[in-house]
Amino acid sequence: MPTALLGLNTEELRALVQEEGEPAYRGNQLAEWVYRRGARTFEEMTNLPDTLCVQLKKKYEVGRSQVVTVQHSRDGTAKLLLAMCDGARVETVGLPYADRFSCCLSTQVGCPVGCVFCATGLSGYSRNLTAGEIVGQALAVQEEAQNYSSQIDKRSCRIDHVTFMGMGEPLLNYAATMKAIQLLNRELDIAMRHLTLSTVGFVPGIRRLAQEQLQITLAVSLHAPTDNLRRRLIPKMVKWSVAEITDACHEYVQQTGRRVTFEYCLLGGVNDRIAEARELTSLLHGLNCHVNLIPYNSIRGLGFHDSSPKGIRAFREVLSSAGIQVTQRVQRGPDIDAACGQLQQRITGAVFNELSLQSITQR
Ligand code: SAH
Ligand code: SF4
């Protein structure tokens with residue numbers, strides 16, 4: 001298999017062309033083509049000498065994924081199903097807002113954690129993604145937005161915020177995720193503070209990340225204030241208690257000076273009662289954090305349902321009256337299954353026929 005250029009930073013590309021006997025600045029040109037000009041082939045790189053392209057082609061490829069399917073929501077959200085070079089498929093989502101353009105990236109093909117309420121967990125786990133495959137998702141979202149928007153809108157197609165909240169657990173694919181963060185920051189010019197890494201609460205990963213002292217936002221998917229309840233929802237992460245998770249978060253705050261976000265997906269009758277809100281309040285006492293309540297996006301066959309608006313309000317009220325900052329995630333793309341793992345499920349699964357074919361583009 002040829003080596004992918006996508007995933008190498010400018011310095012590495014400079015070294016690579018020097019090995020081929022070319023001046024280092026050719027590496028900057030390569031980086032420009034790969035990260036800023038969206039080249040998929042060497043033929044597109046018109047300012048590189050033909051001899052260099054021929055040489056590079058023998059050992060390297062650009063390494064871009066193919067778009068299999070795109071769904072567009074009425075609210076502008078675009079969900080892409082991408083095929084990697086080996087055929088593995090992952091999802092990525094583009095989220096245009098009035099003041100920013102965000103992208104939700106996958107870090108693994110499937111997920112080994114298997115939270116019982118999550119569609120990605122259902123699909124099992126195949127492999128880690130490489131840094132290039134992670135960053136390539138952001139490029140695919142940008143291009144899709146450019147193809148879809150009018151000339152006037154094209155300026156706002158540049159991604160300026162990224163969340164690692166797609167398929168997979170980023171801290172179980174640590175090295176590639178760190179490299180992807182570096183590439184998004186240096187090659188795509190996305191500010192560290194605009195990057196959010198969401199973890200299921202893998203404590204060794206949180207502690208390791210704290211030591212990196214990056215200015216990214218850490219989001220921890222807690223979903224339960226007690227070990228018993230968390231064990232039911234995330235049975236494969238029982239090794240670390242909620243107290244150990246919050247301890248690791250204290251370390252993150254200490255090392256980075258950044259406030260931690262706790263994600264709490266509200267599952268009707270499971271973790272959304274006043275008792276849990278009070279327990280959560282005690283657990284988070286004294287920690288520089290913010291709670292993001294996530295309305296559950298129902299997945300058929302998993303046996304969970306969302307909380308009532310009244311229930312969400314009451315839960316929220318308990319937290320905010322205890323002085324905890326709390327927000328509620330606005331549901332995006334409800335008409336296109338924008339929750340983690342859902343598009344893949346529908347394309348490959350038995351429920352494919354239910355899909356509104358108007359909102360989907362097969363490539
Ligand atoms: N593995 C990481 C990141 C990917 S999941 C993590 O678990 O944090 C991103 C977020 O989506 C997590 O908070 C997860 O709990 C949440 N999520 C998964 N399935 C969901 C669903 N059906 N509805 C709402 N949120 C969901
Ligand atoms: Fe994996 Fe996150 Fe889904 Fe849990 S919620 S199965 S950790 S992707």
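What covers the buried residues of α7? Let me start there this morning, and please keep in mind that we are looking at a predicted model.

The cover over the buried residues of α7 includes α6, which spans 174-186, along with β10, β11 at 217-221, and α9. The helix itself runs over residues 203-212, and its buried residues are Val-203, Gly-205, Ile-206, Leu-209 and Ala-210. If you look down the axis of α7, those buried residues fall within an arc of 155°, so they line one face of the helix. After α7 comes Gln-213, and the phi of Gln-213 is positive, near 55°.

Now let's move to α10, residues 274-284. Its buried residues are Glu-276, Ala-277, Leu-280, Thr-281 and Leu-284. Viewed down the axis of α10, they sit within an arc of 145°, so here too one face of the helix is lined by buried residues. Turn to the face directed away from that buried side and you find Arg-278 and Ser-282, which are exposed. And what do the buried residues of α10 pack against? They pack against α8 (227-233), α9 (242-256), β12 (260-266), β13 (289-295) and α11 (309-321). Just after α10, Gly-286 has a positive phi of about 80°.

Please hold on to β12 and β13, as they come back with ligand 1. Together with β10 (195-199), they are the elements that give two or more residues to the shell around ligand 1. That shell has 19 residues, and those that come nearest are Gly-168, Ser-198, Ser-221, His-223 and Asn-297. By class, the shell divides into 10 nonpolar, 7 polar and 2 charged residues.

For those of you who like polar contacts, ligand 1 has some to show. A nitrogen atom of ligand 1 is 3.3 Å from an N or O atom in the side chain of Glu-169. An oxygen atom of ligand 1 lies 3.4 Å from a polar side-chain atom of Glu-263. How much of ligand 1 does the protein bury? Taken alone, ligand 1 exposes 530 Å², and the protein buries 94% of that.

On to ligand 2. Around it are Cys-111, Val-113, Gly-114, Cys-115, Cys-118, Gly-121, Gly-168 and Val-200. This shell counts 5 nonpolar and 3 polar residues, with no charged ones.

One residue I'd like to point out is Gly-124, in the loop between α4 (119-122) and β8 (125-128). Is Gly-124 buried, exposed or partly exposed? Its relative accessibility is 25%, so it counts as partly exposed. Leaving aside residues up to four places away in sequence, Gly-124 touches Val-109, Gly-110 and Cys-111.

Last stop, α1, residues 10-19. Buried here are Thr-10, Leu-13, Leu-16 and Val-17. Down the axis of α1 they fall within an arc of 115°, so they line one face of the helix. Their cover includes α2 (25-36), α3 (50-59) and β2 (60-61). At the start of α1, a side-chain oxygen of Asn-9 comes within 3.2 Å of the backbone nitrogen of Glu-11. Just after α1, Gly-21 takes a positive phi of about 85°.

Thanks, everyone, and I'm happy to go back to any of these spots.

Technical notes. Residues are numbered from 1 along each chain as its sequence is written. Chains are lettered from A and ligands numbered from 1 in the order in which they are written. This is a predicted model: local features need pLDDT of at least 70, side-chain atom pairs count only at pLDDT 80 or more; totals for chains, interfaces and linings use all residues. Side-chain values use heavy atoms; hydrogens and water are left out. Buried means under 20% relative accessible area, exposed over 50%, partly exposed in between (1.4 Å probe, protein chains only). Helices (H or I, at least four residues) and strands (E, at least two) are DSSP runs, numbered from the N terminus. The arc is that of the directions from the helix axis to the C-beta atoms. Contact means heavy atoms within 4.5 Å. A residue is near a molecule or strand if one of its heavy atoms lies within 4 Å of it. A polar contact is a pair of N or O atoms within 3.5 Å; within protein, one must be able to donate a hydrogen and the other to accept it, and residues adjacent in sequence count only if both atoms are side-chain atoms. Accessible areas come from the Shrake-Rupley method with a 1.4 Å probe; for residues, only the protein chains shown count as cover. Ala, Val, Leu, Ile, Met, Phe, Trp, Tyr, Cys and Pro count as nonpolar, Asp, Glu, Lys and Arg as charged, and the others, Gly among them, as polar.
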